[in-house]
Amino acid sequence: MNLKLAIQKSGRLHEDSIKLLNDCGIAVKSSGSHLRTVADNFPLEVYFLRDDDIPQYVEDGVAHIGIVGENVLYEKEKKAAIIEALGFGKCRLSIAVKKTDEYGTAHFLQGKKIATSYPVLTQKFLNENKIDAEIHEISGSVELAPGIGLADAVCDLVSSGSTLFMNGLREVQTILKSQAVLVQHDSLGEDLLKIVGQLLFRIRAVKRAKNTKYVLLNAPNDALQKIISLLPGMKSPTVLPLADSGWSSVHSVLNEDEFWEKIEALRDAGAQGILVVPIEKMIV
Ligand code: ATP
Ligand code: MG
């Protein structure tokens with residue numbers, strides 16, 4: 001039995017979705033003109049779809065699991081449970097107004113016209129802020145709308161903000177932070193759940209490795225205690241004597257988010273010859 005996974009056919013999430021599977025040791029190729037493909041070495045069948053359709057496929061169980069942006073998942077209001085955040089496709093859904101407008105609070109939007117591809121999430125935001133505004137739904141090039149007199153404001157996806165800027169707009173309020181997530185159909189049989197579990201195990205090992213670096217350094221023995229206290233390691237750091245007496249080699253792992261801070265502290269404590277190596281998989 002194959003687990004059926006829906007991913008975006010082409011667009012911002014496609015490459016990263018394929019890369020994640022490949023990093024998990026699952027051989028699937030980019031879609032090309034194919035609408036589905038079967039992995040060579042894992043019980044997985046991949047459907048290539050428009051991202052808008054993925055929540056529905058997963059709700060219906062036509063696809064057992066799917067990779068989709070939270071923004072699309074929440075906009076579609078389908079039943080599909082998030083089982084893992086994937087850390088790519090990060091963006092935010094934001095309100096933007098003309099550069100010259102004074103925004104202040106959400107009340108700026110009262111009685112105005114907002115262009116968006118996300119009418120459900122936009123309306124929810126307006127309701128929460130008790131604002132009456134007209135939503136103008138368009139499916140693309142939303143950021144053009146204020147410039148051509150179609151709307152006063154937009155509610156659109158932003159990552160760097162450069163598209164907004166180029167169109168004379170200014171981001172004023174984030175209404176949702178989003179990333180790609182793995183979603184699952186409501187009721188899967190035991191056999192399928194087992195394959196989901198195997199896939200999740202691999203995804204977590206890949207994610208953990210991505211956030212972690214392997215560090216090797218040389219430490220004078222009299223600074224060893226201090227240096228070890230700076231390094232958490234998976235259990236505790238590995239310490240090996242160097243040929244040069246009075247020195248040891250210390251091996252450990254570091255989290256990406258505390259990385260630079262720790263490296264500086266290690267140098268200050270007397271560590272030398274610090275090597276930092278990427279980790280491919282990390283099983284705990
Ligand atoms: P499809 O043809 O599948 O409907 P699309 O044009 O709707 O594609 P893309 O532009 O490829 O969608 O974006 C897919 C997802 O990538 C978005 O729903 C969002 O979750 C994520 N994303 C990340 N950064 C951005 C960004 N700057 N702008 C738009 N989407 C982004
Ligand atoms: Mg889409």
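**Figure 1. Salt bridge between aspartate 52 and arginine 50 in the predicted model.** In this predicted model, the side chains of arginine 50 and aspartate 52 meet in a salt bridge, with 3.4 Å from N to O. The two partners fall into separate accessibility classes, since aspartate 52 is partly exposed at a relative accessible area of 29%, while arginine 50 is exposed at 57%. The pair belongs to a set of nine salt bridges that a search of the whole structure finds, and two further members of that set are treated in the legends that follow, including the bridge of aspartate 186 with lysine 79 and that of arginine 204 with glutamate 84.

**Figure 2. Salt bridge between aspartate 186 and lysine 79.** The side chains of lysine 79 and aspartate 186 meet in a salt bridge with an N to O distance of 3.6 Å. Because aspartate 186 lies in the loop between β11 (180–184) and α6 (190–210), and lysine 79 in the loop between α3 (70–76) and β5 (81–85), the pair ties together parts that are 107 residues apart in sequence. Aspartate 186 counts as partly exposed, at 48% relative accessibility, whereas lysine 79, at 52%, counts as exposed.

**Figure 3. Salt bridge between arginine 204 and glutamate 84, and the network around this pair.** The closest N and O atoms of arginine 204 and glutamate 84 are 2.9 Å apart, and the two residues form a salt bridge. This pair links distant parts of the chain, with arginine 204 in helix α6 and glutamate 84 in strand β5, 120 residues apart. Glutamate 84 counts as buried at 11% relative accessibility, whereas arginine 204 counts as partly exposed at 35%. Salt bridges that share partners join Glu84 and Arg204 with Lys207 into one network.

**Figure 4. Magnesium ion (ligand 2) with Asp51 and Asp52.** The magnesium ion is coordinated by OD atoms of Asp51 and Asp52, at 2.1 Å. Of these two residues, aspartate 51 counts as buried, at 17% relative accessibility, and aspartate 52 is partly exposed, at 29%.

**Figure 5. Surroundings of ligand 1.** Ligand 1 is surrounded by 17 residues, of which the closest are Arg50, Asp51, Asp52, Asn71 and Ser159. An N or O atom in the side chain of arginine 50 lies 2.6 Å from an oxygen atom of ligand 1, and a polar side-chain atom of aspartate 51 is 2.8 Å from an oxygen atom of this ligand. The backbone also takes part, as a polar backbone atom of arginine 12 is 2.8 Å from an oxygen atom of ligand 1.

Figure 6. Leaving aside residues up to four places away in sequence, glutamine 8 touches Leu13, His14, Phe48, Leu49, Asp51 and Ile54.

Figure 7. Just after α4, lysine 130 takes a positive phi of about 50 degrees.

**Figure 8. Domain division and proline 278.** The protein chain is divided into domain 1 (3–89 + 179–209), domain 2 (91–178) and domain 3 (212–278). The centres of domain 1 and domain 3, taken over C-alpha atoms, are separated by 38 Å. Proline 278 lies in strand β15, residues 272–278, and is exposed, with a relative accessible area of 64%. The C-alpha atoms of proline 278 and proline 43 are separated by 29 Å, the two residues being 235 residues apart along the chain.

Key:
Residues numbered from 1 in each chain as written. Chains lettered and ligands numbered in written order. Predicted model: local features only at pLDDT ≥ 70, side-chain atom pairs only at ≥ 80, totals over all residues. Heavy atoms only, no water. Salt bridge = Lys/Arg side-chain N within 4 Å of Asp/Glu carboxyl O. Buried < 20%, exposed > 50% of the residue type's maximum accessible area, 1.4 Å probe, protein only. Helix = DSSP H or I, 4+ residues; strand = E, 2+ residues; numbered from the N terminus. Donors = N, O, S within 2.8 Å, 3.2 Å for Na, K, Ca; no water. Contact = heavy atoms within 4.5 Å. Domains from an automatic or database assignment. Near = heavy atom within 4 Å. Polar contact = N/O pair within 3.5 Å; in protein donor to acceptor, adjacent residues only side chain to side chain.
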